[in-house]
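Here is a friendly walk through one protein chain. Have the model open beside you as you read.

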Amino acid sequence: MTTSPNERRKPPTIHDVARVAGVSRGTVSRYLNGGHYVSPAARQSVEVAIKKTGYVVNRHARSLSTGRSDSVAFLLTEPQEKFFEDPNFNVLLRACTKALAERDITLLLMIAGTPDERRRNLRYITSGHVDGVLLVSSHSGDPVAAELRDAGVPLVACGRPMGIGAPGAKVSYVAADDRDGARDMVRHLLSLGRRRIATVTGPLDTPGGVDRLAGYREVLAEAGIEADERLIVTGDYSRASGEAAVARLLADGVEFDAMFVASDLMAQGVMSALAQAGLRVPDDVAIGGFDDSPAALATQPALTTIRHPLDRISSEMVRVLLAQISGEAPATVILPTELVRRGSA
């Protein structure tokens, strides 16, 4: 019997893979479900057979048998425009996507910048459509982390989550040592002989905003310099807030010879505003940023900054989340930062 050219060819099955590989169906199944108890030789044979047959995993069938979706949510609790403006979010998303793709797991980008978006996303997540959540940019008073934890959803936050309830109710998180990074930068500015060091903080309802300001205050105190509250301006990590901070300092007539700016994007705005005011960097004002994002290389001169290890943070977030999905307890990872010296300070 000949096959009509109009008839659809049946897709290859796990049985076809086993036949071509010369192994049992059970061996192929174990390979597809993580490779446990599969010898290196059998693994190689199965991989060759999958390529030869063109076999594609039936994710729906796997989901029914394992109770997992093989997908993870990247949940950003910021307005959509922040995702496109701040390069750090794109770095995190790209690195998390890569780390999960190596394990054949799909990453879903979800943005919850409004209460309605938060409700819709939480409803989707808690309905079992994803196996876990990578939570990015949580704010104090934001209920997302607590609601996901209370719903039993495996969760890892980027940065120390704030306001999640009782201390014993743990949430996994991976963070850079923001406070220590800020201390390194302020010590560097002091080593240049600067004494009137202003700062533009991050949002003070975020762990980065709180911890970077704390590091700034601590080093001034160590140096015997009383912090002048007029030199502390709150920003929101945007370029515009860096420009506004300089405008405020100049309007108030506050003298400063250096600035520690809590993000590279804000530092871009700071340097632009200083140039418009006729002030030279670093001659008149030395500038230090935080992140070592692409924005740090887009300034003139290039920005001295604190390297925020976003690639390592991403890979650790994925590792900790997958461990939690597999039943392990919540975990905390704190990664070191690094001072990167360039022309601005």
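Predicted model: local features only at pLDDT ≥ 70, side-chain atom pairs only at ≥ 80, totals over all residues.

Residues are numbered from 1 along each chain as its sequence is written, and side-chain values use heavy atoms, with hydrogens and water left out.

**Domains**

The chain is assigned domain 1 (14–57), domain 2 (71–177 + 311–336) and domain 3 (178–307); such bounds come from an automatic or database domain assignment. Between the C-alpha centres of domain 2 and domain 3 there are 28 Å. Their contact (heavy atoms within 4.5 Å) takes 13 residues from domain 2 and 17 residues from domain 3.

**The two sheets**

Let us start with the six-stranded one. Its strands form an open, parallel sheet in the order E2-E1-E3-E4-E5-E11. Elements here are DSSP runs numbered from the N terminus, helices being H or I with at least four residues and strands being E with at least two; two strands pair if DSSP finds at least two bridges between them. Strand E2 (106–111) and strand E11 (332–335) each have a single partner strand, so one side of each is left without a neighbour in the sheet. From one strand to the next, the twist averages 15 degrees, with axes fitted to C-alpha atoms (for helices over the stretch in contact) and angles running from 0 to 180 degrees between N-to-C directions. Helix H6 (residues 87–101) packs on this sheet and touches E1, E2, E3 and E4, its direction making about 170 degrees with that of E1.

The four-stranded sheet is also open, with parallel pairing in the order E7-E6-E8-E9. At its edges stand strand E7 (232–234) and strand E9 (286–288). Neighbouring strands are turned by 15 degrees against each other on average, direction ignored. Both H10 and helix H11 (residues 239–252) pack on this sheet. H10 touches E6, E7 and E8, at about 165 degrees to the direction of E6. H11 touches E6, E7 and E8 as well, and its direction makes about 140 degrees with that of E7.

| Strand pair | Bridges | Opposite residues |
|---|---|---|
| E4 (155–158) and E5 (172–176) | three | Val156 and Ser172 |
| E6 (197–201) and E8 (258–261) | four | Ile197 and Ala258 |

**The second largest pocket**

Where does the second largest pocket lie? Domain 2 and domain 3 both give residues to its lining, so it lies between them. This pocket holds about 540 Å³ of space. Its lining has 35 residues, with Cys158, Gly208, Arg212, Tyr237 and His308 nearest its centre. (A pocket is an open set of points on a 1 Å grid over the protein atoms alone, where a 1.4 Å probe fits, with protein on both sides within 12 Å along at least five of seven lines; lining residues have an atom within 4 Å of a point. Grid points are joined across faces, edges and corners, and the volume is the space filled by probe spheres set on the points.) H6, E5, helix H9 (178–191), helix H10 (207–222) and helix H13 (310–325) each give two or more residues to the lining.

**Backbone details**

Two cis peptide bonds deserve a look. Val281 and Pro282 are joined by one with omega of about 5 degrees, and Pro282 sits in the loop between helix H12 (264–276) and E9. Gln300 and Pro301 are joined by another, with omega of about -5 degrees; Pro301 belongs to the loop between E9 and strand E10 (305–307).
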